[in-house]
Amino acid sequence: MATLVAVNVGLPQDVAWQGKIVHTGVWKAPVTGPRRVRRLNVDGDGQGDLAGHGGEQRAVLVYQLDSYRHWQEQLGRDDFVMGQFGENFTVDGLPDDQVCIGDRYRIGDAVFEVTQPRVTCYRVGMRLREPRMAALLVSHGRPGFYFRVLTEGTVQAGDEIIKLRTGPETLSVAEVNALLYLPGHPREQLARALRIEALSPGWKASLEALLSDVGGGGNVGLTAAAAGGPPAWTGFRRLRVSQVRAESETVCSYTLAAADGGTLPIASAGQFVTVRLPRPEADAPLIRTYSLSGAPGSAEYRISVKLESQGAAGGWLRDHAAPGLELEVAAPRGVFTLAGGTGPVVLVSAGVGITPVLAMLHQLTAMRTRRRVWWLHGARNSADALFIEEVRELLTRLPHAEARVCFSRPLPTDRAGFDYTDAGRLSADLVRTLGLPEDATAYVCGPEAFMADMVQALTEAGLSRAHVRTEAFGAQADLTPGIRADALGHTPHPPEHQGDGPVRAMVSFSRSGLTVAWREDGPTLLELAEACDIPVRWSCRTGVCHNCETAALSGAVAYDPEPLDEPAPGNVLLCCSQPRTDIVLDL
């Protein structure tokens with residue numbers, strides 16, 4: 001008979017870690033006497049990061065005495081206390097390789113259901129002073145698991161754990177954990193897991209992504225960065241400027257063809273290319289990323305560049321990019337791409353953010369789609385608006401298209417009902433009047449504040465947040481769970497302390513416009529990016545979660561430790577890698 005050995009609780013606290021402050025509830029301690037368990041938590045307990053822990057599906061974390069013994073032996077430790085692994089219930093019995101998703105248990109007068117394995121992150125390693133712990137929990141098949149509370153009640157140490165039923169499909173916690181995190185992902189097992197009603201929605205979404213994957217080579221269950229297949233070529237290739245065209249006073253398009261006269265690989269609508277421009281007066285070239293604005297499948301690529309007064313790359317292109325000039329260009333990348341299907345599509349943009357959604361409009365037109373399409377665009381006026389005639393012509397070829405073009409400051413010569421449909425900004429109030437169907441998928445690109453407003457407006461209009469996709473031209477938003485916000489948001493800069501060792505590689509962060517030296521025995525690429533205040537995304541920091549998976553536009557890395565599952569071809573895991581050569585990262 002399994003037994004509840006300890007009930008552990010702890011409220012979130014601020015903990016110093018690597019020069020930052022982490023808000024975390026991983027420090028749990030046992031309590032004496034009965035304790036009430038409610039739908040969202042154990043009384044007296046709390047989580048510091050509700051995006052990754054807690055909530056109805058993760059109300060109670062369970063870990064086993066047998067795993068305590070395992071880690072004491074593996075790590076050579078004898079200082080563990082109950083709650084050491086951040087668990088609410090320390091139990092004798094209920095091993096991960098025998099407990100199944102959907103199992104139900106009675107403890108005291110409460111009833112629980114197993115919903116998912118623990119999602120391991122760096123904070124359990126903080127508590128244990130063992131940074132590898134997130135990877136070790138997965139690789140050793142001992143993650144622990146979460147309970148959902150079916151019947152609220154009171155529990156206490158010493159209670160027997162009575163099994164009420166075995167979960168359908170009899171897939172153990174360890175098996176489901178391996179399905180997501182370890183290589184292989186057998187389709188039959190994925191389908192079985194998805195038939196388990198008790199499996200949490202987050203895990204279902206990850207396993208559904210793996211089941212629908214067409215074999216791109218990465219783990220799409222962990223990160224969207226693994227979608228899209230391998231790049232068409234490695235590193236940078238020379239492309240020739242075949243045409244230069246001014247789209248407005250501040251935006252110019254450059255059409256690029258294969259320098260050898262061959263055919264360029266087909267890019268997906270919404271993808272981008274990275275251009276490396278010479279800068280003889282500096283230590284490193286200019287590296288910039290631009291969305292493709294032309295029709296997918298055409299023989300050439302078109303990029304459209306905003307010529308800002310302080311923009312070094314735009315200024316260089318304005319001064320030098322004439323037909324016949326050859327540029328170094330990395331292969332098309334990106335997962336902000338038009339999804340298949342027959343559902344409605346909403347294309348939303350402002351300013352030069354029109355470029356990737358214009359490519360999507362081209363693709364919908366080429367497909368002769370019968371899908372309902374909404375084209376929503378904001379600009380100041382006709383002098384500032386881009387691709388007006390091109391968009392108008394494409395929309396006439398779509399039988400179920402509706403366009404709303406908003407001019408915030410129309411010129412006296414701009415014609416309402418022809419040049420634009422609405423005076424004023426493209427706003428949430430306008431979006432609410434459109435009657436967008438809830439099953440629509442929206443693609444949003446533009447300034448950061450604009451995208452935030454549009455995401456909120458579209459979700460308030462009934463669209464699922466998972467079906468509102470965004471693309472930022474600059475660095476993507478941070479994902480640094482638990483790190484206090486006042487430690488983030490600085491302007492990217494070279495690292496303050498680079499050491500004295502010889503330079504072994506140059507690391508370029510393409511979206512941040514920064515190239516820095518990596519010295520012998522230097523940090524991981526993630527740690528280097530953090531030292532430069534480059535926005536980064538991570539959770540485990542040991543090669544498990546793939547949140548840090550990033551496109552490497554050129555160059556190669558070495559891993560230590562080796563990741564549990566390889567990133568997609570052309571991508572790297574920043575948290576456990578160091579550069580072997582000069583490298584350009586999409587950060």
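Colleague: Where does Ile 162 lie?

Modeller: Ile 162 is part of strand S12, residues 160–165. Keep in mind that this is a predicted model.

Colleague: Why is Ile 162 called partly exposed?

Modeller: Its relative accessibility is 38%.

Colleague: Let's turn to charges. How do you know that Glu 113 and Arg 165 form a salt bridge?

Modeller: Their side chains meet at 3.4 Å, N to O. The cut-off is 4 Å between a Lys or Arg side-chain nitrogen and an Asp or Glu carboxyl oxygen, so the pair counts as a salt bridge. Glu 113 lies in strand S9 (residues 110–117) and Arg 165 in strand S12, so the bridge ties together parts that are 52 residues apart in sequence.

Colleague: Which residue does Arg 104 form a salt bridge with?

Modeller: Arg 104 pairs with Glu 113, and the closest N and O atoms are 3.0 Å apart. That's within the 4 Å limit, so the pair qualifies.

Colleague: Are these residues buried or exposed, or something in between?

Modeller: Glu 113 is buried, because its relative accessible area of 2% is under 20%. Arg 104, at 28%, is partly exposed, and Arg 165, at 33%, is partly exposed too.

Colleague: Which residues are linked in the network of salt bridges?

Modeller: Arg 39, Glu 56, Arg 104, Glu 113, Arg 148 and Arg 165 are linked in it. For the whole model, the count comes to 30 salt bridges.

Colleague: How do you know that Glu 169 and Arg 192 belong in that count?

Modeller: Their side chains come to 3.3 Å, N to O, and the limit is 4 Å, so they make a salt bridge. The two are 23 residues apart: Glu 169 is in the loop between S12 and helix H4 (173–181), and Arg 192 is in helix H5 (residues 187–194). Glu 169 is partly exposed, with 25% relative accessibility.

Colleague: Now helix H8. Why is it called largely enclosed?

Modeller: Of its 13 residues, 11 are buried, so H8 is largely enclosed by the rest of the structure. Among the buried ones are Ile 354, Val 357, Leu 361 and Thr 365.

Colleague: What covers the buried residues of H8?

Modeller: The cover includes strands S16 (286–291), S17 (301–306), S19 (345–350), S20 (373–379) and S23 (441–445), along with helix H9 (388–396).

Colleague: How does the reach of H8 compare with what is expected?

Modeller: H8 (residues 354–366) reaches 18 Å from its first C-alpha to its last, close to the 18 Å expected at 1.5 Å a residue. After H8 comes Arg 368, with a positive phi near 55°.

Colleague: What is Leu 94's phi, and why is Leu 94 called buried?

Modeller: Phi of Leu 94 is near 55°, a positive value in a residue other than glycine. Leu 94 sits in the loop between strand S7 (89–92) and strand S8 (104–107). With 9% relative accessibility, under the 20% cut-off, Leu 94 counts as buried.

Colleague: What about Arg 541?

Modeller: Arg 541 isn't a glycine, yet its phi is positive, about 65°. You'll find Arg 541 in the loop between H12 and S27. Its relative accessible area is 13%, under 20%, so Arg 541 is buried.

Colleague: And why is Thr 542 called buried?

Modeller: Thr 542 has a relative accessible area of 5%, which is under 20%, so the label is buried. Thr 542 is in the loop between helix H12 (525–531) and strand S27 (549–554). Residues that Thr 542 touches include Pro 131, Ala 135, Pro 561 and Cys 575.

Colleague: What makes the Thr 542 and Ala 135 pair a polar contact?

Modeller: A polar atom of the Thr 542 side chain lies 3.3 Å from the backbone nitrogen of Ala 135. The limit is 3.5 Å, so that distance is within it.

Colleague: What joins Asp 560 and Pro 561?

Modeller: A cis peptide bond does, with omega about 5°. Pro 561 is in the loop between strand S28 (557–559) and strand S29 (571–573).

Notes: Residues numbered from 1 in each chain as written. Predicted model: local features only at pLDDT ≥ 70, side-chain atom pairs only at ≥ 80, totals over all residues. Heavy atoms only, no water. Helix = DSSP H or I, 4+ residues; strand = E, 2+ residues; numbered from the N terminus. Buried < 20%, exposed > 50% of the residue type's maximum accessible area, 1.4 Å probe, protein only. Polar contact = N/O pair within 3.5 Å; in protein donor to acceptor, adjacent residues only side chain to side chain. Contact = heavy atoms within 4.5 Å. Expected span 1.5 Å × (residues − 1). Lists of a residue's contacts leave out its neighbours within four places in sequence.
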